[in-house]
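Here is a report on one protein chain. It covers salt bridges, core, ring pairing and surface.

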Amino acid sequence: MMPISPDEQRVDFRVPVDILLNKYIKGRPYIARASNVSRRGLLVHRLFEPDNMEQSIGLQFQLPGTERVITCAGRVIYEHRWLPANGVEFTHIAPEHQQLLDDYIMDNLPWP
């Protein structure tokens, strides 16, 4: 996978998180971890999954302090240089799940 150019990089606010999630590859769930979230995607750390080149994935996760499960589709847009992690961009997310993300990010921005 090619690294993305600076022109293609995300510009949304990112908020640190430490959550486990289900990452679906070809319909099979694998446990992964996310370390930051934006309104358009996540940084997803691979934990226990086979090596693969699949770019279209499914995600299922809960934001800290919330009870709703967010289910969405995404695509891997870059491979982290130093970590076993991928940048994942949301491709299909329900409007109510997008609102949960937006609210969470606004409530957890790193400034007052």
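## Salt bridges

A search of the whole structure turns up six salt bridges. A salt bridge here is a side-chain nitrogen of Lys or Arg within 4 Å of a carboxyl oxygen of Asp or Glu. This is a predicted model: local features need pLDDT of at least 70, side-chain atom pairs count only at pLDDT 80 or more, and totals for chains, interfaces and linings use all residues. Residues are numbered from 1 along each chain as its sequence is written, and side-chain values use heavy atoms, with hydrogens and water left out.

Helices (H or I, at least four residues) and strands (E, at least two) are DSSP runs, numbered from the N terminus. Buried means under 20% relative accessible area, exposed over 50%, and partly exposed in between (1.4 Å probe, protein chains only).

Asp102 is buried because its relative accessible area is 18%. Arg39, at 36%, is partly exposed.

Glu89 comes to 16%, so Glu89 counts as buried. Arg40 joins Arg75 and Glu89 in a network of salt bridges.

## Fold and core

The chain has one helix and six strands. Their order along the sequence is β-β-β-β-β-β-α. Of the 112 residues, 40% are buried. Contact means heavy atoms within 4.5 Å. Among contacts with a separation of 6 or more, 51% join residues 24 or more positions apart.

A nonpolar core is a set of buried Ala, Val, Leu, Ile, Met, Phe, Trp, Tyr and Cys residues joined through side-chain atoms within 4.5 Å. The largest such core holds 24 residues. Leu21, Val37, Leu42, Leu59, Phe61, Phe90 and Leu101 touch the most other members. Strands 1 (15-25), 2 (28-38), 3, 4, 5 (70-79) and 6, plus helix 1 (95-107), each supply at least two residues of this core. Strand 1 gives the most, with five residues.

## One aromatic pair

Which rings pair, and how are their planes set? Rings of Phe, Tyr and Trp (its six-membered ring) pair if their centres lie within 6.5 Å; planes under 30 degrees apart count as stacked, over 60 as edge-to-face and the rest as tilted. The count comes to one aromatic pair. The centres of Phe61 and Phe90 are 6.3 Å apart and the planes meet at 15°, so the pair is stacked. Phe61 lies in strand 4 (residues 56-61) and Phe90 in strand 6 (residues 85-93), so the pair ties together parts 29 residues apart in sequence. Phe61 is buried at 2% relative accessibility. Phe90 is buried at 11%. Beyond its neighbours within four places in sequence, Phe61 contacts residues including Ile19, Arg68, Cys72 and Leu101.
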